[in-house]
Amino acid sequence: MQSRQDISKARRWVVKVGSSLLTANGRGLDHELIAAWAEQITALRQRGAEVVLVSSGAVAEGMQRLGWTQRPHALFELQAAAAVGQMGLVQAYESCFKQHGVHTAQILLTHDDLANRQRYLNARSTLRTLLKLGVVPVVNENDTVAVDEIRFGDNDTLAALVANLVEAEVLVLLTDQAGMFDRDPRVHADAQFIHEVNADDPGLEAMAGAGGVGSLGRGGMLTKVRAAARAARSGAATVIAYGREPQILTRLADAEQVGTLFIPARELLVARKRWLAGQLQPRGKLVLDEGAVRVLRDAGRSLLPVGVRQVEGQFSRGELVICVDGDGREIAKGLVNYSAEESRKIMGQASDRIETLLGYVDEPELIHRDNLVLI
């Protein structure tokens with residue numbers, strides 16, 4: 001997908017809405033706005049598109065119901081707020097879509113659900129089945145049970161992973177901003193609006209700044225830029241747009257120039273590598289020499305032990321590790337064929353010495369190219 005005209009042809013969308021937008025900055029769920037989105041999503045479906053909705057707002061709605069004015073820091077309080085707020089969130093969507101004769105389904109995910117290959121495939125099958133049945137899945141992170149170590153971190157990341165999961169062609173991040181500027185428009189009066197950009201442009205993160213945690217949400221423009229890069233791995237274009245803009249979704253479907261379009265420039269990843277690319281919790285790190293970095297980047301080959309200079313962390317065979325260059329820049333991630341202890345014994349060595357060093361040989365590669373994806 002390389003242009004706004006391509007959006008009009010898209011047959012599978014993921015639409016994400018943020019907490020501050022959804023809850024009118026903490027005043028409770030904006031039912032009028034939810035109704036408007038439901039009407040627009042119904043219109044997209046009538047055009048033949050399938051839509052998955054990723055919705056923030058459970059914690060914010062729970063805070064409003066409980067009378068809390070500040071987002072709590074304690075995990076158990078956040079989980080309690082999410083449990084209370086999820087009830088109102090689901091009721092609101094169900095009620096609004098029901099007016100159009102459309103069924104909805106609640107899908108709550110944790111990182112573990114997408115890190116485990118079997119559960120990942122089960123989630124994909126469930127979502128695809130719901131779409132085939134004409135249902136609009138409403139996806140949220142399962143805040144009630146997720147702990148900090150296994151969180152997605154924000155629903156922008158979750159939305160990008162869901163786009164990869166269902167092989168969506170378009171990811172729309174609806175927010176309280178018109179899109180992205182080259183600098184913070186609140187500080188720089190001459191900031192220029194960005195209408196279109198390549199999703200893998202290395203300068204985007206600097207433009208986005210350090211999007212921090214607000215009183216309601218956890219995201220910011222930086223998380224949206226990173227989400228666009230993740231979505232691009234499955235060929236999805238991303239649009240950041242103002243969620244209160246009238247008919248914003250149908251206008252995007254009409255190829256109108258609203259919001260900021262992130263064009264996927266990377267080669268489309270196969271399904272297994274999309275799953276690998278979405279993994280957020282590596283178990284260790286491999287520091288590579290310059291030759292290994294070139295082989296991975298330029299030749300698309302497997303990682304051999306001889307190219308590894310250092311092994312960090314503790315991991316078992318089959319677990320995810322990050323590969324970095326000598327300056328610490330992330331190059332790739334993949335599933336290792338040997339444990340951390342074994343990897344330390346064979347690092348820097350030719351593959352024909354693995355049996356001598358370990359007493360056995362499983363694979364000549366430390367990470368096979370089929371289990372490795374560039375970052």
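**Entry 1: Met 180 and the cores**

I began at Met 180, which touches Gln 192, Phe 193, Ile 194, Leu 204, Met 207, Ala 208, Met 221, Val 225, Thr 260 and Phe 262, leaving out residues up to four places away in sequence. Contact here means heavy atoms within 4.5 Å. A note on what I am reading: this is a predicted model, where local features need pLDDT of at least 70 and side-chain atom pairs count only at pLDDT 80 or more, while totals for chains, interfaces and linings use all residues. Residues are numbered from 1 along each chain as its sequence is written, and side-chain values use heavy atoms, with hydrogens and water left out.

Next I looked up the largest nonpolar core, which has 47 residues. Such a core is a set of buried Ala, Val, Leu, Ile, Met, Phe, Trp, Tyr and Cys residues joined through side-chain atoms within 4.5 Å. Buried is under 20% relative accessible area, exposed over 50%, and partly exposed in between (1.4 Å probe, protein chains only). Met 180 and Phe 262 are among the residues with the most contacts inside this core, as are Val 14 and Val 162. Elements giving two or more residues include β2 (50-55), β5 (170-175), α10 (221-232) and α12 (271-277). Helix α8 gives the most, with 8 residues. I also found a second, separate core of 39 residues, which includes Ala 49, Val 138, Ala 237 and Ala 241.

**Entry 2: Thr 223**

Is Thr 223 buried or exposed? Thr 223 counts as buried, because its relative accessibility is 12%. The residue lies in helix α10, and its side chain makes a polar contact with the side chain of Asp 156 at 2.5 Å. For a polar contact I need a pair of N or O atoms within 3.5 Å; within protein, one must be able to donate a hydrogen and the other to accept it, and residues adjacent in sequence count only if both atoms are side-chain atoms. Thr 223 touches Asp 154 as well as Asp 156, not counting residues up to four places away in sequence.

**Entry 3: the sheet of 8 strands**

I traced an open, mixed sheet of 8 strands in the order β3-β4-β2-β1-β5-β9-β10-β8. Helices (H or I, at least four residues) and strands (E, at least two) are DSSP runs, numbered from the N terminus; two strands pair if DSSP finds at least two bridges between them. The edge strands are β3 and β8 (196-198). β3 pairs with β4 (136-141) in the parallel sense over 6 bridges, and Thr 104 stands opposite Val 136. Helix α5 (75-98) packs on this sheet, with its direction at about 150° to that of β3. Axes are lines fitted to C-alpha atoms, for helices over the stretch in contact, and angles run from 0 to 180 degrees between N-to-C directions.

**Entry 4**

β11 runs parallel to β13 (320-324), joined by 4 bridges, and Lys 285 stands opposite Ile 322.

Which residues of α13 (290-299) are buried? They are Ala 292, Val 293 and Leu 296. Seen down the axis, these buried residues fall within an arc of 105°, so they line one face of α13; the arc is that of the directions from the helix axis to the C-beta atoms. They pack against β11 (284-288), β14 (330-335) and β15 (372-374), while Glu 290 and Asp 298 are exposed on the other side. At the start of α13, a side-chain oxygen of Asp 289 comes within 3.2 Å of the backbone nitrogen of Gly 291. Just after the helix, Gly 300 has a positive phi of about 65°.
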